[in-house]
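Here is a short report on how two chains are arranged and packed. Look over the sequence and structure first.

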Amino acid sequence: MSINGHGGGVARPGFRMLTAGLLLSAAVWGLYSLESQIQVFGFGASGPDARSFPRLALWLLAAVVALRLVLSLRSEDVPLGNRVRLGRVLAVTASSAAALWVMPQVGFFFGAAGAGIVVALTLGERRPLLLVLPLIVAAVVTLGGRHGLNIPLP
Amino acid sequence: MLVDAFLELLNLWVLVAALVGIISGIIIGAIPGLGPTMAIALLIPVTFSMQPIPAIILLLGVYQGAIFGGSISAVLLNVPGTPSSAATAIDGFAMARRGEGGRALRFALYASVVGNIFSCLVLMALAEPLARFALDFGPAEMAMLMLFALLVIVLFGGGSKLDALIMVLVGACAGVVGLDPISGTPRFTFGSFAFENGFQLIPVLIGLFAMSEVLLQAFDREALVGDVKVPPLKSSVVRFVELWRMRMTLFLSSLIGTFVGILPGIGSTVPAFMSYSLARSRSADPDTFGRGAPEGVAAPEAANNAVTGGALVPTLALGIPGDAVTAVILGAFMLHGLAPGPFLFRDHGLEVYAIFEALLLSSIPTAILGLLFFRVAIHVTRIQPRHLLPAITILAIFGAFSVNNSLFDVWVMLGAGVLGCLLRRSNFPLPPLLIGLILGAPFEQSLRQALLTSGGGYGIFVGSPITIGLVALTVLSLAISLFFNLRKPRI
């Protein structure tokens with residue numbers, strides 16, 4: 001399914017326009033903060049400095065994304081989807097972020113298992129046996145990582 | 001060298017690594033929605049404590065197995081496990097519907113083996129001479145070579161050129177973060193030490209290919225629910241004479257796969273469809289294509305397996321990845337201290353030739369295990385990705401952490417996952433982003449080193465026969481792309 005702008009009007013914003021808009025904002029912000037984010041100490045050397053390549057790449061990115069946005073206005077776009085679908089993506093992202101946030105306090109096993117269980121629930125898993133599966137995987141990975149691969153997991 | 005390399009393979013762990021890799025690959029590839037790129041990215045941390053040869057063989061085994069596994073779900077379910085299996089599904093599924101699924105899978109398997117052997121031989125013949133030639137490259141030559149590679153990805157990678165250019169630039173901009181390669185100045189580090197190393201390749205790969213899959217599946221949950229109906233399989237055999245009859249198809253498909261694979265960024269989907277079209281146009285009975293022609297299965301399978309060896313030629317000899325999978329394999333090589341590029345063969349020739357020979361010889365276990373496991377893999381196709389995605393989330397967190405034992409890398413992985421989900425949902429291609437990220441920093445470094453050498457004069461970029469040749473290739477690529485664009489019929 002797509003949102004069509006071929007009827008002569010401007011297409012309704014969809015995923016492509018949203019992504020292009022975000023990329024354009026990021027490129028413009030990068031250009032705006034270039035001076036403060038990259039200190040250049042000139043010693044009289046000729047040729048490009050530490051800012052030259054990022055400046056060129058960001059300008060090019062901003063220009064081609066702006067062109068994509070203009071072209072997207074009158075072409076098909078991928079619909080954003082309903083709030084429930086976006087909510088599920090946000091739930092998985094938020095639970096993973098929360099798991100990382102608390103991982104130094106609660107440890108890898110509880111953090112990763114928690115994130116896994118939220119993913120299973122978000123994907124519609126309701127059978128208790130399959131909800132236990134993330135706990136088993138997290139336990140195997142924790143033990144294997146710590147004792148098999150000698151990785152100092154939190 | 002070849003004998004010494006072979007002796008390196010006479011090790012139990014190498015055999016175990018190859019078998020585990022191939023079996024895991026077949027199983028992972030058979031599950032619709034899970035591809036070899038994600039599988040390899042997730043398995044890289046498992047290889048940390050292994051020696052380089054078994055580690056790389058394990059990952060290449062996963063790749064080979066996953067390509068065949070992808071054809072299982074393509075043939076039996078009409079759901080390609082990998083994008084390159086889409087061409088296989090056209091005739092493979094038609095054969096499966098009339099009860100010839102087993103025969104279609106055997107044709108796919110034997111064609112895969114032919115494609116793999118052909119491309120491995122080309123890899124062994126071309127990679128070292130190319131690397132030896134590249135030893136003469138200075139910064140100006142390297143800069144022009146990388147510019148050419150990036151341009152090829154944009155012009156011939158398939159899909160929208162504008163989207164590919166955007167993705168290459170996003171990758172190049174992401175590669176800027178960290179310390180400046182010449183002066184050591186922090187760039188976009190926000191005053192944080194964690195950012196000074198830049199975005200590490202493996203966490204970004206895991207985020208882009210594994211975590212983004214979890215997020216995408218969460219978005220498309222409705223599509224995951226439903227029973228999988230596999231057509232019945234009759235017992236069948238494929239005689240040698242049947243394969244002999246299609247020898248030219250297998251040869252031409254392997255040739256297309258290998259040489260298209262050498263070009264950066266094109267991947268295996270384009271050669272699979274090119275080979276399918278060629279086989280159809282050469283066929284005495286082209287009407288059977290699309291209705292279950294065995295050659296329609298064999299041609300794309302030979303091509304997409306031949307891409308592996310082809311794509312490894314520029315990856316190993318020049319450090320320029322051929323596609324997303326070889327970009328992941330490049331990351332694995334780097335993690336094991338085998339930095340791809342012109343010096344790889346000089347410094348680690350034994351290991352590299354051992355890996356080449358293993359890739360060639362692994363065709364034997366792939367064929368045997370493929371025959372043994374495809375009936376088992378039919379049951380694997382019934383596993384819904386939603387049963388596996390929680391485990392993939394846990395493995396993604398573990399994999400990203402284990403690269404540097406740092407939670408910062410896990411945050412990078414999560415960020416790359418969200419970005420990857422957004423980009424994939426918006427139909428922006430990920431391989432150009434990945435290759436832009438890998439080549440962006442060395443391109444800038446070579447460019448600036450060349451300009452420092454020349455005192456700021458741009459004449460250095462046309463100052464040697466190699467750079468002139470590369471500039472000519474770049475201009476020729478632009479002209480070819482423009483020519484095909486102008487010839488394309490306007491709607």
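The centres of domain 1 and domain 2 of chain A, taken over C-alpha atoms, are 36 Å apart. The bounds, from an automatic or database domain assignment, are tabulated here.

| Domain of chain A | Residues |
|---|---|
| domain 1 | 15-72 |
| domain 2 | 83-148 |

This is a predicted model: local features need pLDDT of at least 70, side-chain atom pairs count only at pLDDT 80 or more, and totals for chains, interfaces and linings use all residues. Residues are numbered from 1 along each chain as its sequence is written, while chains are lettered from A and ligands numbered from 1 in the order in which they are written.

**Interface**

Chain B brings 54 residues into contact with 57 residues of chain A. Contact means C-beta atoms, placed from the backbone, within 7 Å. H18(B) gives the most to this side of chain B, with 12 residues. Helices are DSSP runs (H or I, at least four residues), numbered from the N terminus.

**Core**

The largest nonpolar core has 213 residues. Such a core is a set of buried Ala, Val, Leu, Ile, Met, Phe, Trp, Tyr and Cys residues joined through C-beta atoms within 7 Å; buried means 20 or more other C-beta atoms within 10 Å of the residue's own. Helix H4 (residues 52-77) of chain B supplies the largest share, 17 residues. Both domains of chain A give at least three residues each.

Among the residues touching the most other members are A:Leu61, A:Ala112 and B:Ile206. Beyond neighbours within four places in sequence, B:Ile206 contacts residues including B:Ala41, B:Met211, B:Ala396 and B:Met413.

Definitions and conventions: Two residues are in contact if their C-beta atoms, placed from the backbone, lie within 7 Å. Helices (H or I, at least four residues) and strands (E, at least two) are DSSP runs, numbered from the N terminus. A residue is buried if 20 or more other C-beta atoms lie within 10 Å of its own, exposed if 12 or fewer, and partly exposed in between; C-beta atoms are placed from the backbone.
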